Amino acid sequence: MTPSPQHPSRPQAAPVAHQWRATDLDAAAARRAERQVAGLFATSALLIVISVLVYGFVDWNTSIGLPVVGDVNAINFFMGLSFGLGVLCIGLGAIHWAKQLMSDIEVVEDRHDFPSEPQDRDQLAETFAAGVAESRFVSSGIMRRSLLGAMALFPIPLVVLLRDLGPSPSNGALTHTIWTAGTRLVTDVTYLPIKGDEVPIGGLINAVPETLRAIEEREGSLNARAKAVIVVVRIDERNIVAQQGGSASAPWDYKGVLAYSKVCTHVGCPISLYEQRTHHLLCPCHQSTFDLADAGKVVFGPAARNMPQLPITTDAEGYLIARSDFQVPVGPSFWERT
Ligand code: FES
């Protein structure tokens, strides 16, 4: 054993005897390995295209039964399977390439002082160039092109999946709810219209738009509900300090009956803990507190915005109706809110 120049007492490990591979000795075996690598990359490209086609053509409501886990959504299953196998094929192709075709000759490199000598750097550049040549990345067009093809297609499913992040903020999805002028307020769960004069002072009613039930049945989702839920309270008119809008001829309340969003403006927890003596609405998640007698102002906690008020009045039969949609976005703040 030769002592290391930097560490005289440390013995150097002897190089392991090199084992020549079939692809080193037989050109036909090397070409066969090239085709196998290219086949894996091409399979990856095919699987990635299939995953995009699954997203576009399989019905969202289709489910399939699987052993152990039971029913799963067909799009989730087939898209995940094809995309996952596509990524796996790229990995397998790269491993097969490295193990069968790239140089694997063992070398011993003594450590040296930094910085490297100019001739060492030149030698490194030559070694790198030789490594590139030995890797066959340049000389094997079929492997190079198939790898580049697979890698080029690889991000496409990720772009397609961006669609699933939710509706685009630019179409008003974050700034509007299903409340419209004339929509009746109905009790949550039972969908009964609410008479303005029958709301007791100090009481709180969880309410939704009367149009919600039909929308939920049509869409099969709770998306509309998530933004439209409100709480209705009645406060002695003499105790109301301020509201978020309205005028003497078109007040936003009905004889002290006020409607506010039920979605906390901190991170969106539903709220209905109401203290009638202080008129405070308390969020159970992080204790943000809103004063409903004073325009839904934040009086405590991490919420940064007042609780949005829904302008209401009554229809000809005395039932509570909305005057319009909310005038500000409901729920947690988002990046373009001003
Ligand atoms: S979600 Fe209401 S305080 Fe955090």
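Which residue in β2 does G65 stand opposite? The residue is D71.

Good morning, colleagues. Residue numbers start from 1 along each chain as its sequence is written. The model is a predicted one: local features need pLDDT of at least 70, side-chain atom pairs count only at pLDDT 80 or more, and totals for chains, interfaces and linings use all residues. Here pLDDT is the predictor's confidence in each residue, from 0 to 100. Its mean for the protein is 89, and 92% of the residues reach 70 or more. Residues 1-10, however, have a pLDDT below 50, and this stretch has 10 contacts in the model beyond near neighbours in sequence. A contact requires the C-beta atoms of two residues, placed from the backbone, to lie within 7 Å. Where pLDDT is low, the predicted coordinates should not be read in detail.

Let me turn to the domains. The domain assignment gives domain 1 (22-165) and domain 2 (173-322); such bounds come from an automatic or database domain assignment. The C-alpha centres of the two domains are 55 Å apart.

I now come back to the opening pair. Strands (E, at least two residues) are DSSP runs numbered from the N terminus, as are helices (H or I, at least four). Two strands pair if DSSP finds at least two bridges between them. Strand β1 (residues 63-66) pairs with strand β2 (residues 70-73) in the antiparallel sense, over 4 bridges. Besides G65 opposite D71, I64 has V72 as its bridge partner in β2. The hairpin has 3 residues between the strands. In that loop lies V68, whose phi is near 75 degrees, a positive value in a residue other than glycine.

Is V68 buried or exposed? A residue is buried if 20 or more other C-beta atoms lie within 10 Å of its own, exposed if 12 or fewer, and partly exposed in between, with C-beta atoms placed from the backbone. V68 counts as exposed because it has 4 C-beta neighbours inside 10 Å. V189 also has a positive phi near 75 degrees, and it is placed in the loop between β3 and β4. With 8 C-beta neighbours inside 10 Å, V189 counts as exposed.

Next, the open sheets. In one, 5 strands stand in the order β3-β4-β5-β6-β11, with antiparallel pairing. Because β3 and β11 (309-310) are at the edges, each with a single partner strand, one side of each is left without a neighbour in the sheet. Within this sheet, β5 and β6 pair over 5 bridges in the antiparallel sense; I230 has S261 as its bridge partner in β6.

Another open sheet has 4 strands in the order β7-β8-β9-β10, again with antiparallel pairing. Its edges are β7 (273-275) and β10 (297-300); each has a single partner strand, so one side of each has no neighbour in the sheet. From one strand to the next, the twist averages 30 degrees, where axes are lines fitted to C-alpha atoms, for helices over the stretch in contact, and angles run from 0 to 180 degrees between N-to-C directions. The pairing of β7 with strand β8 (residues 280-282) is antiparallel and spans 3 bridges. In β8, H280 is the bridge partner of E275.

What, then, of the interior? A nonpolar core is a set of buried Ala, Val, Leu, Ile, Met, Phe, Trp, Tyr and Cys residues joined through C-beta atoms within 7 Å. The largest has 37 residues, of which L185, V232 and I312 touch the most other members. At least two residues of this core come from each of β3 (185-187), β4 (204-209), β5 (230-234), β6 (257-261) and β13 (320-322). Leaving aside residues up to four places away in sequence, L185 touches several residues, including I194, A207, V232 and I312. A second, separate core of 19 residues includes F41, F83, C89 and W97. In soluble globular proteins, nonpolar side chains tend to be buried together.

V330 counts as buried because it has 27 C-beta neighbours inside 10 Å. Which residues does V330 touch, not counting residues up to four places away in sequence? They are T177, K227, S261, V263 and P308. The C-alpha atoms of V330 and R305 are separated by 9.7 Å, while these residues are 25 residues apart along the chain.
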